Amino acid sequence: MRILLVASAFNSLTQRVFAELREHGHTLAVHLHGEDDPLRAAVRAFAPELVVAPMLRTALPRDVWSAHTCLIVHPGPLGDRGPSSLDWAIHDGAGRWGVTVLQAGEVMDGGDVWATAHLTVPPVGKSDLYRNEVSDAALRAVRLAVERFASGRFRPRRQAGPQWPVTERTRPYLRQPVRRIDWAADPTATVLRRLRAADSQPGVLDELLDGEWYLHGGHPEDELRGEPGELLATRAGAVCRATVDGAVWLPELRERRRPDGPATFKLPATLALGSRPSGLPPLPELPEVPAPLELPGQRRTWTDLRYREDGPVGFLRFSFPGGAMSTEHCRRLLAAYRYACARPTGVLVLGGGRDFFSNGIHLNVIEAAADASAESWANINAMNDLVEAVLTTTDRLVVAALGGNAAAGGAMLALAADEVWCRDGAVLNPHYRLMGLHGSEYWTYTLPRRVGPAMAARLTGQALPVTAARAERAGLVDRVVTAAPGAFPAEVARLAGQLATAQGLRRRIGEKKAARERDEAHRPLADHRAAELALMRRDFAPGAPYHALRSAFVCKTPAVGTPPHLAGEHTRWTAPG
Ligand code: COA
């Protein structure tokens, strides 16, 4: 079928719908819909049989929805209406939620129902929920709705009449006064719900020290205590703040934008507070977790790095907001990786948690640096040091376990491992071009080695998202793990246990060592790094396009029109000949 995807941004859900429908053999075109844009011309030019809108902030024009069947993905259950569905679900503490595919019509979210799917709401931030449970449910509902439409026999259900099972509930945009935290009165559970309902956007507006900040992220702390609202400690860039009955960790802050002031963006909390004229107040800096990086099972606190062992398997879990890895993140992860490599294990699993694996260097931290070129250089080198450590691990097998999406250098970090396991719902973007970068992370070694030079050129040149299934067929991924987001860590642990106790593990490790030595003799890793970095130095030079592209990304400057790499028709992806 010819399907036109109309979206406000090519965000994670739109990428997944795009990649999966394409995988199912449909011919797709993408149109990014802003105000006064040429949607009608795009519809005329493409002549779609069906229009699907995975994420739309503005209404479709009447003449478009009256001439074509337009299906809107609404992140709410039957009867739910309004622009802040997920925010309200978390704010109210809903345990179950839904996604509904509705036909566009006169009433916003009031159109006929083509499909609906349910989900369980875990205690995570809104954007994590959106990229995982909501995305899985949305794909189930979209696939069903597209099949139903293609059958030509299905009659969508009207949201009215005696057969309609629910009462309609329209809720308004969730505004900051409703999100507000009363530190002197709200218990930790309420504070966490407020923070999670606003994460990652728009954050909860609050006063902190002498400024106004949006608070991002929220994790419980079970030991630290203090005056409600008081800052208690820092850890790995996050600050811990007391509530009436406990404390919470806040990993990131964004300064409130002043009228006519420049755009503000999220930063690690200590970096953001440290930029105030009076600097960061003196606070105790807590270690990541008590050495050796392992946390007793019953403790509730926040850390972005964790290591644990289960017999012959080591698990090095990391989780950085937005998947972004600053110089500091890379160095800390490398230190933890070295620690893990000193342990007597046969298999080491990297990642394995939920949500983003990695999205490469930290563009926000770079944007905030006094010298963005120098910080970019430091960051890519720190990332390369980490990737090099993985590539040169020859005494055990390393598995990269991607519970969520990975992009750019973060996708290439995964490829350094011996095996890449990917949750079935994850979307990969193994390319750098859209950020004006050639890229490093030894991708010129790892990517062609896995997929061949023609596919490597295609993946990096076309700059399109790929599903886990597609990535497996291309050789980018070794195993697709079919698991719900919350079940992924346990499934990875089970599979890693099997791998570590399988016959022939020692032989495989020996073969891998020999292969590394052969590759090194053929072309040293240092040579790949030097060649990649020579091009990156040019990309990072003051005035190069990367700087404007990065600023636009970090400051969320809306794109004008549909980007060229998305324009045109996209048919099923076949392997290059
Ligand atoms: N640095 C800083 N922040 C990053 C980031 C990076 N490398 N990659 C993602 N983020 C942030 C986004 O700004 C966004 O922040 P928000 O939650 O405040 O909106 C959040 O992570 C989620 O990303 P988003 O773009 O909303 O997710 P998506 O799933 O729709 O898109 C990507 C995923 C990876 C395609 C997109 O984020 C991207 O292009 N990232 C940059 C990748 C890159 O070029 N890295 C540098 C080269 S190594």
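How far does a backbone N or O atom of Gly-322 lie from an oxygen atom of the ligand? The answer is 3.5 Å, and the views below start from that spot in what is a predicted model.

View 1. Look for Gln-201, where a polar side-chain atom sits 2.7 Å from an oxygen atom of the ligand. Over at Ile-361, it's a backbone N or O atom that lies 2.8 Å from a ligand nitrogen atom. On its own the ligand would expose 850 Å², and the protein buries 84% of that.

**View 2. A three-stranded open sheet.** Here the strands come in the order E21-E23-E24, with mixed pairing. Strand E21 (406-407) and strand E24 (466-467) are at the edges with a single partner strand each, so one side of each has no neighbour in the sheet. E21 and strand E23 (residues 427-429) run parallel and are joined by two bridges. To find the spot, pick out Ala-406, whose bridge partner in E23 is Leu-428.

**View 3. The hairpin of E12 and E13.** These two strands pair in the antiparallel sense over four bridges. Two residues sit between them, and in that turn Ala-236 has a positive phi of about 50 degrees. Strand E12 (residues 231-235) is mostly covered, with five of its five residues buried. Across the pair, Leu-231 stands opposite Arg-241 in E13. Is that arginine, Arg-241, buried or exposed? Its relative accessibility is 5%, so Arg-241 counts as buried. Arg-241 belongs to strand E13 (residues 238-242). If you go looking for Val-99 from here, it's 142 residues away from Arg-241 in sequence and 34 Å away in space, C-alpha to C-alpha.

**View 4. Strand E18 and its two partners.** Strand E17 (residues 305-310) runs antiparallel to E18, with six bridges joining the two. One of the pairs to spot is Asp-310 with its bridge partner Val-313 in E18. The E17 and E18 hairpin has two residues between its strands, and Gly-311 takes a positive phi near 60 degrees there. E18 also runs parallel to strand E19 (residues 347-351), joined by four bridges. In that pairing, Leu-316 has Leu-350 in E19 as its bridge partner.

**View 5. Arg-131 and its polar contact.** This arginine, Arg-131, has its place in helix H5 (residues 126-151). With 16% relative accessibility, Arg-131 counts as buried. Its side chain makes a polar contact with the side chain of Asp-355, at 2.9 Å.

**View 6. Helix H17 from end to end.** This helix, residues 488-501, has 14 residues. From its first C-alpha to its last, H17 reaches 20 Å, close to the 20 Å expected at 1.5 Å a residue. Its buried residues are Phe-488, Val-492, Ala-493, Leu-495, Ala-496, Leu-499 and Ala-500.

Conventions:
Residues are numbered from 1 along each chain as its sequence is written. This is a predicted model: local features need pLDDT of at least 70, side-chain atom pairs count only at pLDDT 80 or more; totals for chains, interfaces and linings use all residues. Side-chain values use heavy atoms; hydrogens and water are left out. A polar contact is a pair of N or O atoms within 3.5 Å; within protein, one must be able to donate a hydrogen and the other to accept it, and residues adjacent in sequence count only if both atoms are side-chain atoms. Accessible areas come from the Shrake-Rupley method with a 1.4 Å probe; for residues, only the protein chains shown count as cover. Two strands pair if DSSP finds at least two bridges between them. The expected span of a helix is 1.5 Å times one less than its number of residues. Buried means under 20% relative accessible area, exposed over 50%, partly exposed in between (1.4 Å probe, protein chains only).
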